[in-house]
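Visitor: I'd like to learn how to read rings, pockets and cavities in a model like this one. Could you walk me through it?

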Amino acid sequence: MDYRDTGDVRADLREQFLRSASALSEPPIGPLYRAVIAEAQADSALRATLHERFLRTMEQSTLARITLAQRSGELDPDADLTYAAEVLCGTLYYRRLVTDLPIDEYAVDGLPKMFLAVNAR
């Protein structure tokens, strides 16, 4: 799930998070993802594979998009974007896997808003 680059990092984050939320919430990916996460807790090889092939890929994709925004002047040049990418991605996964809270437009809109409030120039 690659990011589009419309020149508006808020819009691009929102679009990506809505697509991810949909995938995590609906069959076949949603239930399968929950099952793989559960199994990964007891299988270190599966956990490493999940991290390398999925989670790291999503974090790197997010990092690439927000780094581009930083280079174009949309974001604070001193912001630690590696950690920000982990937080942005992790919030969706946490909400889906650990809580009963929905990943709806309200939740998705809050992520870029919070991120930009801290990191915008």
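Visitor: How many aromatic pairs does the structure hold?

Guide: The structure holds three aromatic pairs; rings of Phe, Tyr and Trp (its six-membered ring) pair if their centres lie within 6.5 Å, and planes under 30 degrees apart count as stacked, over 60 as edge-to-face and the rest as tilted. One of them joins Tyr33 and Tyr93: the centres are 5.8 Å apart and the planes sit at 45°, so this pair is tilted. Tyr33 belongs to helix α2 (residues 29–40) and Tyr93 to helix α4 (residues 81–98), so the pair ties together parts 60 residues apart in sequence. Helices here are DSSP runs (H or I, at least four residues), numbered from the N terminus.

Before we go on, a word on the ground rules. This is a predicted model, where local features need pLDDT of at least 70 and side-chain atom pairs count only at pLDDT 80 or more, while totals for chains, interfaces and linings use all residues. Residues are numbered from 1 along each chain as its sequence is written, and side-chain values use heavy atoms, with hydrogens and water left out.

Visitor: Are Tyr33 and Tyr93 buried or exposed?

Guide: Buried means under 20% relative accessible area, exposed over 50%, and partly exposed in between (1.4 Å probe, protein chains only). Tyr33 has a relative accessible area of 7%, so Tyr33 is buried. Tyr93 is at 10%, so Tyr93 counts as buried too.

Tyr93 also forms an aromatic pair with Phe54, an edge-to-face one with 5.9 Å centre to centre and 65° between the planes. Phe54 lies in helix α3 (residues 44–71) and Tyr93 in α4, so this pair ties together parts 39 residues apart in sequence. At 29% relative accessibility, Phe54 counts as partly exposed. Put together, ring pairs link Tyr33, Phe54 and Tyr93 into a cluster.

Visitor: Which residues are closest to the centre of the largest pocket?

Guide: First, the idea: on a 1 Å grid over the protein atoms alone, a pocket is an open set of points with protein on both sides within 12 Å along at least five of seven lines, a cavity is a set where a 1.4 Å probe fits but cannot get out, and lining residues have an atom within 4 Å of a point. Grid points are joined across faces, edges and corners, and a volume is the space filled by probe spheres set on the points.

The largest pocket holds about 200 Å³ of space. It has 12 lining residues, and Leu24, Ile29, Tyr33, Leu50 and Phe54 are the closest to its centre. Helix α2 gives the largest share of that lining, four residues. By class, the lining has 11 nonpolar, one polar and no charged residues; Ala, Val, Leu, Ile, Met, Phe, Trp, Tyr, Cys and Pro count as nonpolar, Asp, Glu, Lys and Arg as charged, and the others, Gly among them, as polar.

Visitor: What about the second largest pocket: what is its volume?

Guide: About 160 Å³. Among its lining residues are Asp80, Tyr83, Met114, Phe115 and Asn119, and α4 and α5 each supply at least two of the lining residues. Asn119 lies in α5 (residues 105–119) and is buried at 11% relative accessible area.

Visitor: And which residues line the largest cavity?

Guide: Tyr3, Gln16, Phe17, Ser20, Met58, Thr62, Cys89, Leu92 and Tyr93. About 30 Å³ of space lies in the largest cavity. Its lining divides into six nonpolar, three polar and no charged residues.
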